[in-house]
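Good morning, everyone, and thank you for making the time. Please take a look at the structure on the screen, and then I will talk you through its aromatic residues and its core.

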Protein chains: 2
Amino acid sequence: MIRRGFQVAARLGHHGALPGGPYILPRFSPASAFGSSMDSLVSRFCQEKTDLKNYTLPNASWCPDMLNLYHEFLEKTKADGWIRLPSFKSNRNHIQGLKLPLALTVTSDKSDCRIFTRCIETEGQGYEYVIFFHPSKKKSVCLFQPGPDLEGTPRFAHRGSLAAMIDETFSKTAYLAGEGLFTLNLNITFKNLIRVGSLALLNVDVEKIEDQKLYISCVAQSADQQTVYTKASGTFLQLQLEEDSSQY
Amino acid sequence: MIRRGFQVAARLGHHGALPGGPYILPRFSPASAFGSSMDSLVSRFCQEKTDLKNYTLPNASWCPDMLNLYHEFLEKTKADGWIRLPSFKSNRNHIQGLKLPLALTVTSDKSDCRIFTRCIETEGQGYEYVIFFHPSKKKSVCLFQPGPDLEGTPRFAHRGSLAAMIDETFSKTAYLAGEGLFTLNLNITFKNLIRVGSLALLNVDVEKIEDQKLYISCVAQSADQQTVYTKASGTFLQLQLEEDSSQY
């Protein structure tokens with residue numbers, strides 16, 4: 001039986017080799033997939049990078065709720081199995097030594113790119129966030145403080161900025177929990193608005209891994225857990241990145 | 001019969017008056033709603049603002065596909081009923097003279113806020129987009145060129161940036177087509193990646209307006225319409241903004 005996940009990947013990759021064609025998802029190769037243990041994924045992802053700025057460190061813009069929860073989870077990294085995920089300027093920094101599928105490689109590279117959720121350099125003005133991940137529980141927590149450049153309704157965070165934060169937290173969680181690399185679907189129900197400068201706590205769980213897909217859920221709520229901002233679900237396609245000795 | 005839309009709004013607004021409570025959606029007032037014609041909404045939205053920067057004008061970063069389609073739709077504004085929507089630094093500029101519901105007003109205001117999709121000032125580096133709206137067809141087209149600060153997979157636009165662009169196009173369309181003000185749900189299926197610096201064409205349609213909600217769809221595709229990047233749907237809650245003589 002051809003499984004659903006394979007069908008999706010094959011369809012997505014169908015035109016991948018067309019000269020000059022669109023840059024789309026690669027053909028899925030079941031033979032090479034799912035060979036990496038979560039430990040090795042996490043270990044590679046969280047290696048020390050002394051030459052790169054890690055955006056997860058506290059700064060003066062963080063509100064008290066953000067600081068308090070940050071220190072609470074930092075304590076949990078010492079005994080409870082939680083890991084603070086580093087966050088660099090670009091995803092290429094997170095997958096150094098690995099190569100993207102052929103359809104996604106580029107002949108030239110520019111260093112001026114930034115990952116969207118770190119697009120605003122000024123502290124407190126854009127995205128402030130840190131993600132903690134628990135490997136054995138396959139869950140994450142993201143502490144997210146939207147700045148004034150993420151506005152939608154005046155003085156409240158744009159729903160698109162929250163959607164992007166959810167997708168980014170899903171992406172990192174999906175990759176580490178099971179090599180989920182490509183968002184296939186996001187479904188987000190918005191319930192309440194987040195005031196600019198306040199904290200939203202995103203609780204993310206991998207619900208199941210089936211047919212080469214990861215199914216992930218999120219509840220975003222206030223620091224006191226009395227207000228639900230958003231509920232969301234996402235589906236990610238699994239795809240293993242291969243080793244690459246050259247830097248792309 | 002209490003309609004579904006009213007129920008949703010009432011639930012969302014349930015805690016709106018709690019002192020120090022969360023900043024959430026207001027109680028819906030059917031008596032005051034749906035009093036504005038689309039013509040007056042469009043007319044107010046598109047009024048000339050000589051003192052504000054309009055971000056929809058072409059700049060040197062626009063790729064040929066973006067420029068060509070821009071001029072094509074600009075021609076359609078002269079005869080075919082299309083309107084180019086202005087785009088300012090903040091949504092407060094779009095709703096001048098109107099007041100937000102009580103639960104969303106603020107006692108102090110800061111001018112350093114930016115609408116999320118205009119958060120990066122440098123031309124070509126972040127969001128480049130322009131939305132054209134057709135009132136009688138209740139549809140929009142958004143020309144979207146993601147810059148290098150909107151990266152996800154190296155050299156491709158972050159799916160969250162596309163989600164935000166879809167939400168923003170939905171929001172403007174929903175407001176002008178039927179006073180849709182609050183995103184209730186977004187459901188996005190991702191099919192192909194958008195290369196940074198290239199054009200995505202978002203075709204947005206209001207499918208129906210029912211029970212005080214607008215149901216909107218989007219297909220995002222390449223300029224040649226050969227590649228579908230994304231299909232999405234959204235639901236928006238209708239809510240009329242009232243006149244306000246004071247500037248909030």
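Which residues do ring pairs link into a cluster? They are A:F116, A:Y127, A:Y129, A:F144, B:F116, B:Y127, B:Y129 and B:F144. Rings of Phe, Tyr and Trp (its six-membered ring) count as a pair if their centres lie within 6.5 Å, and planes under 30 degrees apart are called stacked, those over 60 edge-to-face, and the rest tilted.

Before I go on, please keep in mind that this is a predicted model, in which local features need pLDDT of at least 70 and side-chain atom pairs count only at pLDDT 80 or more, while totals for chains, interfaces and linings use all residues. Residues are numbered from 1 along each chain as its sequence is written, chains are lettered from A and ligands numbered from 1 in the order in which they are written, and side-chain values use heavy atoms, with hydrogens and water left out.

Over all chains, a search of the whole structure finds 19 aromatic pairs. In one of them, the ring centres of B:Y70 and B:F132 are 6.0 Å apart with planes at 55°, so this pair is tilted. It links distant parts of the chain, since B:Y70 belongs to helix α3 (residues 64-79) of chain B and B:F132 to strand β3 (residues 127-134) of chain B, 62 residues apart; helices (H or I, at least four residues) and strands (E, at least two) are DSSP runs, numbered from the N terminus. B:Y70 and B:F132 are both buried, where buried means under 20% relative accessible area, exposed over 50%, and partly exposed in between, with a 1.4 Å probe and protein chains only.

A second pair joins B:F116 and B:Y127, whose ring centres are 6.3 Å apart and whose planes are at 65°, so we call it edge-to-face. Here too, both B:F116 and B:Y127 are buried.

Let me turn to the core. A nonpolar core is a set of buried Ala, Val, Leu, Ile, Met, Phe, Trp, Tyr and Cys residues joined through side-chain atoms within 4.5 Å. The largest one has 89 residues, of which A:F144, A:L202, B:F144 and B:L202 touch the most other members. Leaving aside residues up to four places away in sequence, B:F144 touches several residues, including B:M66, B:Y127, B:Y129 and B:L202, where a contact means heavy atoms within 4.5 Å.

Finally, chain A has five helices and nine strands, and buried residues make up 57% of its 248 residues.
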